[in-house]
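This briefing treats model confidence, overall fold, surface and aromatic contacts in turn.

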Amino acid sequence: MKKRLLNPVFIAAVAGLTYQLLVKYGVAPEAGVYQAAVDIVTYAVIGVGIYKTFPTE
């Protein structure tokens, strides 16, 4: 399950679905703002994943 959640295609699909739901209910931010938020969250997930690969001292 964890491997599936960290799959970039899955993350993109969830982000797209979330945005479509926000548009449907009329509470969606501008596309650029939403894309920036998704990018920040995605980079944070990638960074945490890379950080966890370093050995602890």
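The model is predicted, and the mean pLDDT of its chain is 85, with 100% of the residues at 70 or more.

**Fold and dimensions**

- The secondary structure of the chain consists of 3 helices and 0 strands.
- Read from the N terminus, the order of the elements is α-α-α.
- The chain has a radius of gyration of 14 Å, whereas the globule rule gives 10 Å for 57 residues; the chain is therefore more spread out than a compact globule.
- Along the principal axes, the C-alpha atoms fill a box of roughly 50 × 25 × 15 Å.

**Surface and burial**

- The accessible surface of the chain is about 5,100 Å², and carbon and sulfur atoms account for 70% of that area.
- Buried residues make up 7% of the 57 residues in the chain.
- Both Tyr19 and Tyr34 are buried.

**Aromatic contact**

- The structure contains 1 aromatic pair.
- The ring centres of Tyr19 and Tyr34 lie 4.9 Å apart and the ring planes meet at 40 degrees, so the pair counts as tilted; planes under 30 degrees apart would count as stacked, and those over 60 as edge-to-face.
- Tyr19 belongs to helix α2 (residues 8-24) and Tyr34 to helix α3 (residues 31-51), so the pair ties together parts that are 15 residues apart in sequence.

Technical notes:
Residues are numbered from 1 along each chain as its sequence is written. This is a predicted model: local features need pLDDT of at least 70, side-chain atom pairs count only at pLDDT 80 or more; totals for chains, interfaces and linings use all residues. Side-chain values use heavy atoms; hydrogens and water are left out. Rings of Phe, Tyr and Trp (its six-membered ring) pair if their centres lie within 6.5 Å; planes under 30 degrees apart count as stacked, over 60 as edge-to-face and the rest as tilted. Helices (H or I, at least four residues) and strands (E, at least two) are DSSP runs, numbered from the N terminus. Buried means under 20% relative accessible area, exposed over 50%, partly exposed in between (1.4 Å probe, protein chains only). pLDDT is the predictor's confidence in each residue, from 0 to 100. The radius of gyration is taken over C-alpha atoms; the globule rule is 2.2 Å times the number of residues to the power 0.38. Accessible areas come from the Shrake-Rupley method with a 1.4 Å probe; for residues, only the protein chains shown count as cover.
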